[in-house]
Amino acid sequence: MSPLPFELAAATVQGREHARAGRNNQDAFFTRTGPRGLAAAVADGCGSGRQSELGAQLGARRAVEGALALLEEGVSPGSPGFLARLEADLLCFLGGLARELGPSAVGEALLFTLVGAVLTPDEALVFCAGDGLWALNGEVHPIGPFPGNAPPYLAYGLFKPGTGSLCSLALRPTAEVDSLVLGTDGAADLGGLAGACVPDSDEPVGPLSRLWTEDRYFSHPDALRRRLSLLNRESVRADFTARRLVRVPGLLADDTTLVILRRQRERN
């Protein structure tokens, strides 16, 4: 059980355009707590990779497990070597996979962006490799986009060291953290939908802040996924005058993944 007083919600949903193209959800997330803290990560596989959801899933898990292993060794998130050692571990892991699966596996399956966080009782670190979104205490920060929609994937470091390195986004005392959000680039698009209506409804989507201020997303483990799925549901209505069906697409064009942490609150 984590020693930290935070509650968590996490979910991923396939993007509208990925569904139309017959592609899988190429996003992933992973979270885990340990005796010295907690770690979380979201990852977005390269859209042109035929199996990049594999790299996203493995990369998010390895980032979290690697971060917790460093904490167990007594390496604090704020120490100069923390991200360098985590990056080295990830590249060693990806390099091993590439050797086993063949060099083509990098482009087909192992390119992914990463946005992660590590929290201990003393420090909270947010980091990334590539694009996405993060928000600390309600302040939302998109990462990217990059020229040509080509983010610096971490696995590029297998061929050119220093390319796609893990970058620190924020280091704060944990006591100052009230809420923390990690998201893929699809979540950045979600932030611009506040004035849109939920499909087949007059309800406004509302600001992104609803996702970490409303209790329902933390009181039910599936509430966040249901909300994202609702926003991306295709709406069909009958136009009787024109004698045709009108289809309104879901709101989320790209795969969308969120991990939301907030300080525990008392609820009735």
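Trainee: How many bridges join β2 to β3, and do they run parallel or antiparallel?

Mentor: Strands of a sheet pair through backbone hydrogen bonds, either parallel or antiparallel. Here β2 and β3 run antiparallel and are joined by eight bridges. Two strands count as paired if DSSP finds at least two bridges between them. Strands (E, at least two residues) and helices (H or I, at least four) are DSSP runs, numbered from the N terminus. T33, for instance, has L38 in β3 as its bridge partner. The two strands are connected by a hairpin of two residues.

Trainee: What should I know about the source of these values?

Mentor: The model is predicted, so local features need pLDDT of at least 70 and side-chain atom pairs count only at pLDDT 80 or more, while totals for chains, interfaces and linings use all residues. Residues are numbered from 1 along each chain as its sequence is written, and side-chain values use heavy atoms, with hydrogens and water left out.

Trainee: What is the strand order of the open sheet?

Mentor: The five strands are ordered β2-β3-β4-β5-β8, with antiparallel pairing. The edge strands are β2 (27-34) and β8 (167-173); each has a single partner strand, so one side of each lacks a neighbour in the sheet. From one strand to the next, the twist averages 10°; axes are lines fitted to C-alpha atoms, for helices over the stretch in contact, and angles run from 0 to 180 degrees between N-to-C directions. Further along the order, β3 and β4 share eight bridges, and A43 is partnered by L114 in β4. Six bridges link β5 (residues 123-129) with β8, where C167 is the bridge partner of C128.

Trainee: Which helices lie on these strands?

Mentor: Contact means heavy atoms within 4.5 Å. Helix α3 (residues 82-101) packs on the sheet and touches β4, β5 and β8, with its direction at about 45° to that of β5. Helix α2 (residues 52-72) lies across β2, β3 (37-45) and β4 (112-119), at about 160° to β3.

Trainee: Are the faces of β3 covered or open?

Mentor: In a regular strand the side chains alternate between the two faces of the sheet. For β3, both faces are covered: G37, A39, A41, A43 and G45 are buried on one side, and L38, A40, V42 and D44 on the other. That is nine of its nine residues, where buried means under 20% relative accessible area (1.4 Å probe, protein chains only).

Trainee: How is empty space found, and what is there?

Mentor: Rolling a probe the size of a water molecule over the atoms shows where empty space is left. On a 1 Å grid over the protein atoms alone, a cavity is a set of points where a 1.4 Å probe fits but cannot get out; a pocket is an open set with protein on both sides within 12 Å along at least five of seven lines, and lining residues have an atom within 4 Å of a point. The largest pocket holds about 210 Å³. It is lined by 14 residues, and D44, G47, N149, Y153 and D185 are the closest to its centre. The whole structure has two cavities of 30 Å³ or more. About 90 Å³ is the volume of the largest cavity, and α8 gives the most to its lining, with three residues. The second largest cavity has about 30 Å³, and its lining includes A124, V126 and A170.

Notes
Grid points are joined across faces, edges and corners, and a volume is the space filled by probe spheres set on the points. Buried means under 20% relative accessible area, exposed over 50%, partly exposed in between (1.4 Å probe, protein chains only).
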